Amino acid sequence: LVGDLLKKLISEALRKLVVISSVFLIFSGLVLAYPKIFPWAEESSAIFLLHIWAGLFFLVIFPIYSWDHIKRHAKRPRKVSLLTSSGIIQLITGFGLIISGIPLLIFDNNVFELPKIIHLVLTFILPVSLILHKFSKK
């Protein structure tokens, strides 16, 4: 009983951390991608560094939470639904953001054009899939 309660608390805490870090990364990523829209952040190294640190944090917690979430819901019927589709899109998008973000972190965001474009496109896909997943029929 205590073990199940602890698992549920950890799972819920991980879920909240993933959502909060996703929202922050989406917002800070858009600020970094479109500095003309956000003139207050045009030369802000703080937002850049916070985006990197939050990305590293996401790199650790996203795979842990994803695995736990998939295991927990593995007994659900395996029919195609908006809930299942949005969850799969989230999983692919999350890993795509991690994979495309690593070369941008190691090198510079101006060195490789393809990871930069992929990262930006996935930045728009992630919030849509999060919203669809949240409001899907459980």
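The model is predicted: local features need pLDDT of at least 70, side-chain atom pairs count only at pLDDT 80 or more, and totals for chains, interfaces and linings use all residues. Residues are numbered from 1 along each chain as its sequence is written, and side-chain values use heavy atoms, with hydrogens and water left out.

With a relative accessible area of 6%, Ser-136 is buried (under 20% relative accessible area, 1.4 Å probe, protein chains only). Its side chain reaches the backbone oxygen of Leu-132 at 2.4 Å. Leaving aside residues up to four places away in sequence, Ser-136 touches Leu-82, Leu-83 and Ser-86 (heavy atoms within 4.5 Å).

## Largest pocket

The largest pocket has a volume of about 1200 Å³. Of its 34 lining residues, those closest to the centre are His-69, His-73, Leu-83, Gly-87 and His-133. Two or more lining residues come from each of helix H1 (2–33), helix H2 (45–72), helix H3 (82–106) and H4; H2 gives the largest share, seven residues.

A pocket here is an open set of points on a 1 Å grid over the protein atoms alone, where a 1.4 Å probe fits, with protein on both sides within 12 Å along at least five of seven lines; lining residues have an atom within 4 Å of a point. The volume is the space filled by probe spheres set on the points.

## Second largest pocket

The second largest pocket holds about 840 Å³ of space. Among its 31 lining residues, Leu-32, His-51, Gly-101, Leu-104 and His-119 are the closest to its centre.

Terms used: Buried < 20%, exposed > 50% of the residue type's maximum accessible area, 1.4 Å probe, protein only. Polar contact = N/O pair within 3.5 Å; in protein donor to acceptor, adjacent residues only side chain to side chain. Helix = DSSP H or I, 4+ residues; strand = E, 2+ residues; numbered from the N terminus.
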